[in-house]
Every structure is written in C-alpha cells, then in structure tokens.
Amino acid sequence: MNTPESSHEIHYLWWLILICVTGGLIYLLSPILTPFLLAAVIAYICNPMVTHMANHHISRTTGTILVMLLLLGVFAALILIMVPLFEEEARRVIEKTPAYLDMFKTHVIPWLETKFKISLQLDMVIVKEALAKHWQSAGGLAAKVLPSLTIGGMAIVEFLVNALLVPVVLFYLLRDWDTLLKLVDEMIPRSWHQQISQLAYETDQILAEFLRGQLSVILLMSICYITGLWLIGLEFALPIGLVAGILVFVPYLGMIVGLTLATFAALMQFQSWSGVIPVLAVFGFGQLLEGMLITPWLVGDRIGLHPVMVIFALLAFGQLFGFFGILLALPVSAVMLVWLRHLHRRYLESNFYN
C-alpha cells in the first residue's frame, strides 16, 4: 500500500525523469532546434499584436500575415538603409587610408623603433598606389559578395534552409498559438495542472519583462551611442553607434565592440590619443546609463542571474546553438531559474530534505 510519503517521492521522481528526458532531447536535437527556437521567440514577442487584431474581429490568419509583412518591411528597411551606409563608410575609410598610412609612418613607426630598438621598413608609396588603384571597387561590395555566398558548402545550405524555415514555423506558431496552448494544457495531468500553470505564469511574466524590455534597451542605447559619438565629431558615429546599441543584448559585448571600433576610428580621424578621450567618456557614460538607469528601469532585477552564471550561459548556449544560442542564453536561463526556484522550494518541503 502506498503511503503519502511514497506518493510524493514518486511524484518528484517523475519530475526528475521528465527533466532528464527533456534535457537529453534538447542536447540530441540541438543542431536542428535553432530555427524553431528563433521562430518561437519571435512568435512570443509578436503574438500580442495578432491577439489584439483577433479581438477586433480580424482572423488570426490575416493578422499573422499582416504581422509577418510588417516584420519583413522592417527587415528590408534595415537592409536598404544599412548596406549603402556601410558601403559609403567603407569607401570613406579606404579614401582616407593613404593619409592614415602617412600618419602611421611619421608617428607610429618612429615611436616603435625608438621604444623597442627595432628597424621597420615599409614602402608607403606602393601601398598607397595599390589602394588608390582599387578603392573604387568597394562601391559594389555587397553586390559582389552576396552571389559568391551561393558557392558550395554545407554551412551555406544550412543557413539557407534555416532562413526559409524560420518564417514557415513562425507563420504556423502565430496562427495556431491559442490552439497549441490549449493542446499543451490538455496534455498536462490534472494533478500537476495547478503547479504547472503557476510555473507557466511566472515564466511568461519574466520573459515578457526581459524580451520586450530588452528591445527598448537596444533602441535607447543605440540613440545614446549615436548621439554621443556625433556630438564629439566622430565621422563614423552612425554605424558604430548602431552596432554598439544592437549588441547590448549580450552583456558587455556592445560596449567592448563599440569602444574598439570607435577608438580605432578616432585614432585615424584625429591622429592623436587625445581624440580617444571623448570616445572613452561616451562609452563610460553609456555603460553607467545602461547599468544604473535604463536596464533596471525597463528590464528590472527579476532575472537575478549571477555574473558568473551569465558568462556560463552565454558560453554553453553558444556551444549548443551557435550565434542564436547567444541570443537565447539569457531569457532561457531566466526561465530555468524560475523552474529551479520552484524545484528548490519543493525540495525543502519534501521528505528528502526533512
């Protein structure tokens, strides 16, 4: 005859088996999960828009198509704006390179020779002639590079398959979101229903706070970096500020990449280390603004991940799922933290602890 204590132990054993099976499936299927995870994240973010339209007598199919067209328009606009912008900036860099090489020859090389007691011989005339001869070809860089990407390689095939699979999966997830949730709800044993419903509610709350808040952080930090670099007179303020702002979703990566690019650009433009000081001030102010005001205000402290766990999550998810794993590392880790808190609370209440 089963006692209440043994029933509880069996209950927790089933939970442990479920977690182990889920973890094993994720590990085994990790090579093909990336497009599904990316589509699920986009669907989660966009579902409120489709639901809002459905509440106003627009079918979910029509609403899904409208939302996907909106996403396509935003993506196309970014491409049409960013590609010519970076091509123009690349041309400007190459045009100015001869002057930068002269500065390198007259200032940097003598300093290196004096500092390290070495002799450096570099024929700048040949380098500048080569650059002057070929810089015009940079204008059509994107048009020349994109066709070459179709040449061989399983990595290219995989990328194209994922690029096609994401919108297909996204369409069905958005259209059938309520149906899928109802199906999952019906699969949950009634004895577990209340507990899992509470877990799902807390998971939804933390994901909503993180994902939608993080988009606002990206927007505000992009504006902050672009404005700051423009005010100090940096020529490449727009592309560098955009890159730094977009990469803030990975802790410290946006600041590190943006600061590196801005420092290099400032050295080439101002030709002295004094021009780097305003760049350091902009990124220092931006980091303080993000860490002390914007992120706590828009995202909050509910995630509660220790910095060591943040680093581990980024490395682990990057290893499993590549670049998209880095995108998913923090929100998925936040969800896992919610689950672990529930398991920890249940463990403290169980006979295993007492």
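The model is predicted. Helix α8 packs with α7 at an angle of about 150°, and the axes of α8 and α9 cross at roughly 165°. A search of the whole structure finds one cavity of 30 Å³ or more, and α9 gives the most residues to its lining.

**Packing of α7 with α8**

- Helix α7 spans residues 190–231 and helix α8 spans residues 237–246; their axes lie 8 Å apart.
- The angle between α7 and α8 is about 150°, and because angles over 145 degrees count as roughly antiparallel, α7 is roughly antiparallel to α8.
- The crossing in which α7 passes α8 is right-handed.
- On the α7 side, the contact is made by Ile218, Met221, Ser222, Tyr225, Ile226, Leu229 and Trp230.
- On the α8 side, these residues meet Ala237, Leu238, Ile240, Gly241, Leu242, Ala244, Gly245 and Ile246.
- By class, the residues of the contact of α7 with α8 comprise 12 nonpolar and three polar, with no charged residue.

**Packing of α8 with α9**

- The axes of α8 and α9 come within 7 Å and cross at roughly 165°, which makes α8 roughly antiparallel to α9.
- Helices α8 and α9 cross in a right-handed sense.
- From α8, the residues in contact are Ile240, Val243 and Ala244.
- From α9, the partners are Gly254, Val257, Gly258, Leu261, Ala262 and Ala265.
- Seven nonpolar and two polar residues form the contact of α8 with α9, and none is charged.
- Ile240 and Ala244 of α8 take part in the contact with α7 and also in the contact with α9.

**The cavity**

- The largest cavity holds about 30 Å³ of space.
- Its lining consists of Tyr225, Val248, Val250, Tyr252, Leu253, Gly254, Met255, Gln287 and Glu290.
- The elements that give two or more residues to this lining are α9 (253–270) and α10 (276–298).
- Helix α9 contributes three residues to the lining.
- The lining of the largest cavity divides into six nonpolar, two polar and one charged residues.

**Residues shared between the contacts and the cavity**

- Tyr225 lines the largest cavity and is one of the α7 residues that meet α8.
- Gly254 also lines the largest cavity and is among the α9 residues that meet α8.

Definitions and conventions: Residues are numbered from 1 along each chain as its sequence is written. This is a predicted model: local features need pLDDT of at least 70, side-chain atom pairs count only at pLDDT 80 or more; totals for chains, interfaces and linings use all residues. Side-chain values use heavy atoms; hydrogens and water are left out. Axes are lines fitted to C-alpha atoms, for helices over the stretch in contact, and angles run from 0 to 180 degrees between N-to-C directions. Helices (H or I, at least four residues) and strands (E, at least two) are DSSP runs, numbered from the N terminus. Angles under 35 degrees count as roughly parallel, over 145 as roughly antiparallel, 65 to 115 as roughly perpendicular and the rest as oblique. A crossing is left-handed if the near helix is turned anticlockwise from the far one by less than a right angle, and right-handed if clockwise. Contact means heavy atoms within 4.5 Å. Ala, Val, Leu, Ile, Met, Phe, Trp, Tyr, Cys and Pro count as nonpolar, Asp, Glu, Lys and Arg as charged, and the others, Gly among them, as polar. On a 1 Å grid over the protein atoms alone, a cavity is a set of points where a 1.4 Å probe fits but cannot get out, and a pocket is an open set with protein on both sides within 12 Å along at least five of seven lines; lining residues have an atom within 4 Å of a point. Grid points are joined across faces, edges and corners, and a volume is the space filled by probe spheres set on the points.
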